[in-house]
Amino acid sequence: MAFDIDMIKGVYARMKERVDAARDIVGKPLTLSEKILYNHLWDGMPTKSFIRGKDYVDFAPDRIACQDATAQMALLQFMQAGKSKVAVPTTVHCDHLIQAKEGAAADLKHANNTSSEVFNFLESVSNKYGIGFWKPGAGIIHQVVLENYAFPGGMMIGTDSHTVNAGGLGMVAIGVGGADAVDVMAGMAWELKFPKLIGVKLTGKLSGWTAPKDVILKVAEILTVKGGTGAIVEYFGPGAIAMSCTGKGTICNMGAEIGATTSTFGYDDSMERYLRATDRADIADAANTVKAYLTADEDVYKNPEQYFDQVIEINLSELMPLLNGPFTPDLSTPVGSEMTGKAKENDWPIKVEWGLIGSCTNSSYEDLSRASSIAQQALDKGLKTKAEFGINPGSEMVRYTTQRDGILEVFEKLDATIFTNACGPCIGQWARYSDPKNAPKNSIVHSFNRNFAKRADGNPNTHAFVASPEITAAIAIAGRLDFNPLKDKLINENGEEVMLDEPTGWELPPKGFDVKDNGYIEPEADGSHVNVAVKPDSERLQLLEPFVPIGDSITGARLLIKAFGKCTTDHISMAGPWLRFRGHLDNIANNTLIGAVNAFNKQTNFVKNQLTSEYGGVPDVQRAYKAAGIKTVVVGDHNYGEGSSREHAAMQPRHLGVAAVIVKSFARIHETNLKKQGMLGLTFANETDYDLIQEDDIFNFLDLNEFAPDKPLTVEVVHADGSSNIIKLNHTYNDAQIAWYKEGSALNLIKKQNA
Ligand code: F3S
């Protein structure tokens with residue numbers, strides 16, 4: 001069963017009544033985002049209007065999707081909840097654990113050998129608890145979800161930040177930590193702070209070299225990596241309607257890079273075409289019966305300033321192709337000569353060594369066909385590509401269809417490596433170097449979404465730039481970062497000057513999609529007899545023990561690390577080689593915060609052990625505090641925990657004995673994850689208090705026994721010279737979240753309630 005049409009019809013059947021009621025209560029026309037949110041209230045009929053950016057609201061999502069790296073911990077947690085089946089349709093997708101090296105066939109075989117224990121575990125848990133299983137090689141979670149499960153007006157959550165990709169098909173789809181997914185799998189409500197709304201009006205029309213990717217690269221430039229925090233971005237306007245459904249998916253996908261809760265588009269013809277092309281005509285027919293409810297009310301897009309908290313307008317006819325990076329996805333440069341100066345000024349290598357096309361962001365049929373039209377020109381015009389090409393098709397259906405239609409063959413003729421239908425280089429699963437730490441400085445261009453240091457290949461000296469698939473192809477052919485395909489000529493093998501023509505391609509395959517084995521395994525109707533085995537000596541999997549509550553007294557806590565600057569979930573719980581331990585909490589805890597920069601010596605993984613005055617790795621020092629029965633505190637800067645949704649970034653410090661994380665500001669998912677694991681996630685009431693924190697500080701919480709919503713906590717920070725500061729710490733815990741803290745974790749509370 002690929003999708004549940006009865007469930008979708010149910011969502012549409014209740015839509016009119018609930019949305020009409022919400023409109024009356026809110027007292028004005030509704031945006032699409034509000035319609036979807038109010039139609040998915042846990043309590044059913046709307047009875048009150050929610051304050052955006054303030055009220056916590058319980059929702060009832062329609063679906064859950066998990067990828068293999070995060071699913072391990074999510075399912076290990078779900079197994080503790082005492083349920084026989086998941087309460088909401090759920091799928092697991094094996095895409096993160098496949099390393100890209102030689103090419104699809106060899107790499108998939110290698111992954112099946114090295115990770116069989118994990119894949120078997122996920123398959124058996126899925127079979128037991130009624131979860132749809134997509135085996136390794138079936139595709140990247142978000143492409144598979146868009147092809148099979150996303151539907152206009154739906155709400156889903158997924159244990160991956162780029163779950164937001166499904167907004168391309170008109171969903172409100174949100175990336176969450178595994179702990180949130182476990183709540184919903186266990187039949188509980190899912191809580192979210194009612195988001196603010198950002199409207200993006202797209203006028204004009206994309207043409208020539210400009211692609212949907214450039215829209216989101218532009219939005220990232222405007223809003224920066226923090227600008228979307230706590231908000232749903234709703235796109236509208238003629239430029240939105242004229243765009244393909246998968247192009248909309250690309251834009252929504254990278255909403256994660258601006259910190260947005262999610263992004264979405266109103267239902268239109270492109271979505272209907274995509275639904276029909278992916279064998280879901282019955283969803284399109286059902287959606288057509290509630291069309292007016294699958295987009296905003298009429299006045300909203302005419303007078304957006306009255307309905308959105310912020311409005312941005314972009315004229316697609318004037319938009320230029322962009323190259324964002326390196327090291328952050330919001331640093332935009334238009335293709336061409338501006339890059340020449342910038343690269344020189346910043347010492348970015350101008351020579352490009354790899355062009356990578358794929359990832360969940362840009363691996364659709366349209367993406368590959370447009371990029372291949374550029375690649376074909378290299379063959380036709382006698383150009384020798386200067387950089388290497390790597391391609392990751394998004395799903396087996398895309399791979400099969402692009403192979404059938406000769407699209408992959410074009411890349412193969414350019415000696416491209418066709419990697420598995422999986423994440424690969426997008427998540428550090430790229431065996432590019434034998435010793436990445438000491439690998440040379442270089443530049444690469446890719447059509448992925450993230451470009452933090454080390455993200456693709458583990459090499460801190462790789463400068464990764466994000467671009468559309470067609471620009472990635474053109475730059476890989478030219479081999480220069482500052483190549484402008486609109487203006488620049490290239491010299492072919494005959495010494496002639498040639499130019500690349502504008503890309504062409506197909507929104508959808510002219511001969512339709514096809515696939516032999518899509519890689520899906522349906523769970524048994526009754527999986528109660530299925531045995532899920534975890535070996536006690538396994539390196540990769542470890543059954544969980546409940547966390548012990550931290551309690552209402554924290555005194556004498558030591559500073560573990562004061563993190564300086566950017567501290568993403570990659571810094572807190574690195575991916576790459578550590579992905580193999582995602583199901584084993586104690587083993588993966590050995591990477592805790594090893595990427596964070598210590599503010600006192602600007603080094604990574606080198607912090608002072610206050611008990612010995614010696615310096616050591618963060619996990620080792622933390623284990624020493626734990627052995628001595630001493631609680632610790634982590635201090636951080638702005639947007640702490642941005643990046644992925646992995647709850648490991650909260651569970652690992654929790655497992656090792658960190659009691660509180662105190663920062664200038666949090667990324668939303670990480671803050672929630674800390675709360676779920678029964679930890680304190682706090683923010684400085686006065687940001688400059690960050691500067692007061694010294695290396696030998698001791699923290700005494702003075703009023704934790706009065707922990708209550710909207711009431712700041714007070715902490716005494718005692719310095720080595722005996723002086724001290726009293727500082728105020730804000731928090732966003734509501735009553736329910738304080739109950740999680742008191743029980744030791746949200747899961748402890750679920751178990752207690754199920755008992
Ligand atoms: Fe995978 Fe990269 Fe997307 S890790 S899910 S392809 S962001």
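I began with helix α11 (residues 269–277), whose buried residues are Ser 270, Met 271, Glu 272, Tyr 274 and Leu 275. "Buried" here takes 20 or more other C-beta atoms within 10 Å of a residue's own, "exposed" takes 12 or fewer, and "partly exposed" falls in between, with C-beta atoms placed from the backbone. Helices (H or I, at least four residues) and strands (E, at least two) are DSSP runs numbered from the N terminus.

Two reminders to myself. The model is predicted, so I kept in mind that local features need pLDDT of at least 70 and side-chain atom pairs count only at pLDDT 80 or more, while totals for chains, interfaces and linings use all residues. Residues are numbered from 1 along each chain as its sequence is written.

Back to α11: I looked up what its buried residues pack against, and found α10 (245–253) and α12 (281–288). A contact means that two C-beta atoms, placed from the backbone, lie within 7 Å. After α11 comes Asp 279, with a positive phi near 65°.

**Domains and ligand**

I noted three domains: domain 1 (7–196 + 270–301), domain 2 (322–498) and domain 3 (557–754). Their bounds come from an automatic or database domain assignment. Over C-alpha atoms, the centres of domain 1 and domain 2 are 30 Å apart. Domain 1 brings 21 residues to the contact and domain 2 brings 23. On the domain 1 side, α4 (104–114) and α6 (141–148) are the elements giving two or more residues, and α6 has the largest share with 5 residues.

Next I asked myself: where does the ligand lie, and why? Domain 1 and domain 2 both give residues to the shell around the ligand, so the ligand lies between them. The ligand is surrounded by 14 residues, and the closest are Ser 359, Cys 360, Cys 423, Cys 426 and Ile 427; a residue is near if its C-beta atom, placed from the backbone, lies within 6 Å. I sorted this shell into 7 nonpolar, 5 polar and 2 charged residues. For these classes, Ala, Val, Leu, Ile, Met, Phe, Trp, Tyr, Cys and Pro count as nonpolar, Asp, Glu, Lys and Arg as charged, and the others, Gly among them, as polar.

**The parallel sheet**

I traced an open sheet of 4 strands, ordered β10-β9-β8-β11, with parallel pairing. Two strands pair if DSSP finds at least two bridges between them. The edges are β10 (262–265) and β11 (310–315), each pairing on one side only. β9 (residues 231–236) and β10 share 4 bridges in the parallel sense, and Glu 234 stands opposite Thr 264 in β10.

**The mixed sheet and Gln 67**

My other open sheet has 6 strands in the order β6-β5-β2-β3-β4-β21, and its pairing is mixed. Its edge strands are β6 (172–175) and β21 (520–521). β4 (residues 132–134) and β21 pair in the antiparallel sense over 2 bridges, where Trp 134 has Tyr 520 as its bridge partner.

I ended on Gln 67, which is in strand β2 (residues 63–67). Is Gln 67 buried or exposed? Gln 67 counts as buried because 31 C-beta neighbours fall inside 10 Å. Leaving out residues up to four places away in sequence, Gln 67 touches His 93, Asp 95, His 96, Ile 141, Thr 159 and Asp 160. I also checked Gln 67 against Glu 642: they are 575 residues apart along the chain, and their C-alpha atoms are separated by 19 Å.
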